[in-house]
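Please keep the sequence and the structure in view while reading.

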Amino acid sequence: MFENTERTNLDQMGEFGLIEHLTKHVELNEKSTIKGIGDDAAVLDFSNKKTLISTDLLLEGIHFDLRYVPLKHLGYKAVQVNLSDIYAMNGIASQITFSIGLSSKFPLEAVEEIYEGALIACKKFNVDLVGGDTSASAQGLIISVTSIGYADEDRIAYRSGAQEGDLLCVSGDLGAAYVGLQILEREKQVFLDNPKIQPDLEGKDYIIERQLKPEARKDIVQLLDSLDIKPNAMIDVSDGLASEIIHICKQSDKGCKLYEDKIPLDQMTYDTAREFGLDPTVCALNGGEDYELLFTVPQSAYDKLRNLPDITVIGYITEPNAGYEMISKSGNVYPLTAQGWNAFKK
């Protein structure tokens with residue numbers, strides 16, 4: 001995509017030259033994109049659909065560590081975690097804007113890596129890059145992505161729609177991203193102590209990829225639509241399963257029962273968590289960054305869901321006074337509490 005191989009200082013290009021260079025490979029494929037990059041604003045036409053918009057901000061040292069996050073992966077992940085918010089509304093993402101602030105320590109080639117990752121994500125998820133901005137930054141690398149999508153009004157799934165008796169469902173498996181992060185942090189510390197030692201990531205590809213290159217679940221939205229299942233409530237699992245369940249319950253004014261033995265855990269996640277002395281269930285409940293979809297559906301949808309390999313029924317929605325509860329593998333009842341990631345925690 002980009003062919004530069006030497007180090008090119010950004011001050012040689014200027015802001016407009018940089019933007020022109022980075023966006024020359026952008027292709028527009030969405031019918032709803034009337035005008036993309038090149039004017040003061042993009043022009044979109046969603047006809048009779050409702051428009052969905054979400055924005056995420058990623059800061060170096062807070063959301064990512066460049067000592068182990070490849071720049072291409074970072075660009076890819078920045079896009080897909082934002083698209084995940086559109087899919088969490090039971091919508092389809094169609095456009096993004098991609099803005100970046102960076103210091104003089106980054107050469108052009110580094111910025112190209114980030115944008116290449118972003119464009120790979122755009123191509124995979126069939127979205128158009130229609131705008132953005134670049135700026136100098138005194139605080140390290142900053143990435144801001146805004147995603148735009150659409151849905152029929154009667155198909156939008158809010159967090160507030162859960163009904164008493166609804167089945168609580170989740171896609172994929174949980175906890176892998178958090179356990180993958182533990183491996184990366186461990187190997188970073190080993191490297192800092194002795195730069196001659198190479199990182200030991202052998203056999204951990206799946207959970208490392210879940211941290212560095214997670215995949216938004218557009219396919220689940222499409223699957224539910226093909227089965228004519230409309231979730232009553234939906235959210236993506238970015239801050240941990242417990243936090244997301246409680247978000248739905250609070251917004252819907254309902255309680256819940258979650259069954260520990262139903263929480264989907266990959267075997268590698270389970271085994272590696274144990275190697276670190278971690279409880280695999282706690283990793284799933286509080287780890288975050290899985291970007292799976294958590295949703296509730298009426299019990300009448302159970303026959304359509306029960307044989308799907310990538311969707312698990314993990315509990316059900318109860319009356320508000322029942323509170324938030326988890327039934328352990330041994331049958332004990334524990335209050336479900338949110339201890340997910342906190343961006344402002346020191």
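## Basis of the report

This is a predicted model, in which local features need pLDDT of at least 70 and side-chain atom pairs count only at pLDDT 80 or more, while totals for chains, interfaces and linings use all residues. Residues are numbered from 1 along each chain as its sequence is written, and side-chain values use heavy atoms, with hydrogens and water left out.

Asp40 is found in the loop between strand S1 (33-35) and strand S2 (43-44), where strands (E, at least two residues) and helices (H or I, at least four) are DSSP runs numbered from the N terminus. Asp40 has a relative accessible area of 79%, which means that it counts as exposed; exposed is over 50%, buried is under 20%, and partly exposed lies in between (1.4 Å probe, protein chains only).

Ser54, by contrast, lies in strand S3 and is buried, with a relative accessible area of 14%. Leaving out residues up to four places away in sequence, Ser54 touches Asn82, Asp85, Ile86, Val145, Thr146 and Ser147, a contact being heavy atoms within 4.5 Å. The side chains of Ser54 and Asp85 are also joined by a polar contact of 3.1 Å. A polar contact is a pair of N or O atoms within 3.5 Å; within protein, one must be able to donate a hydrogen and the other to accept it, and residues adjacent in sequence count only if both atoms are side-chain atoms.

Thr55 is in strand S3, which covers residues 50-59, and is partly exposed because its relative accessibility is 48%. The side chain of Thr55 makes a polar contact of 2.8 Å with the side chain of Thr146. Asp56 is placed in strand S3 too and is partly exposed at 22%, and its side chain makes a polar contact of 3.0 Å with the side chain of Asn82.

Asp236 is found in strand S9 (residues 233-236). Is there a salt bridge at this residue, or none? Asp236 is buried yet has none, and the nearest side chain of opposite charge, Arg159, is 5.5 Å away. A salt bridge is a side-chain nitrogen of Lys or Arg within 4 Å of a carboxyl oxygen of Asp or Glu; Lys and Arg count as positive, Asp and Glu as negative, and His and the chain ends are not counted. The side chain of Asp236 does make a polar contact with the side chain of Ser84 (2.8 Å), and among the residues that Asp236 touches is Glu244.

Glu244 is one of the buried residues of helix H7, in which nine of the twelve residues are buried. H7 (residues 241-252) should span 16 Å at 1.5 Å a residue, and its end C-alpha atoms are 17 Å apart, which agrees; the expected span is 1.5 Å times one less than the number of residues. H7 is followed by Asp253, whose phi is positive, near 55°.
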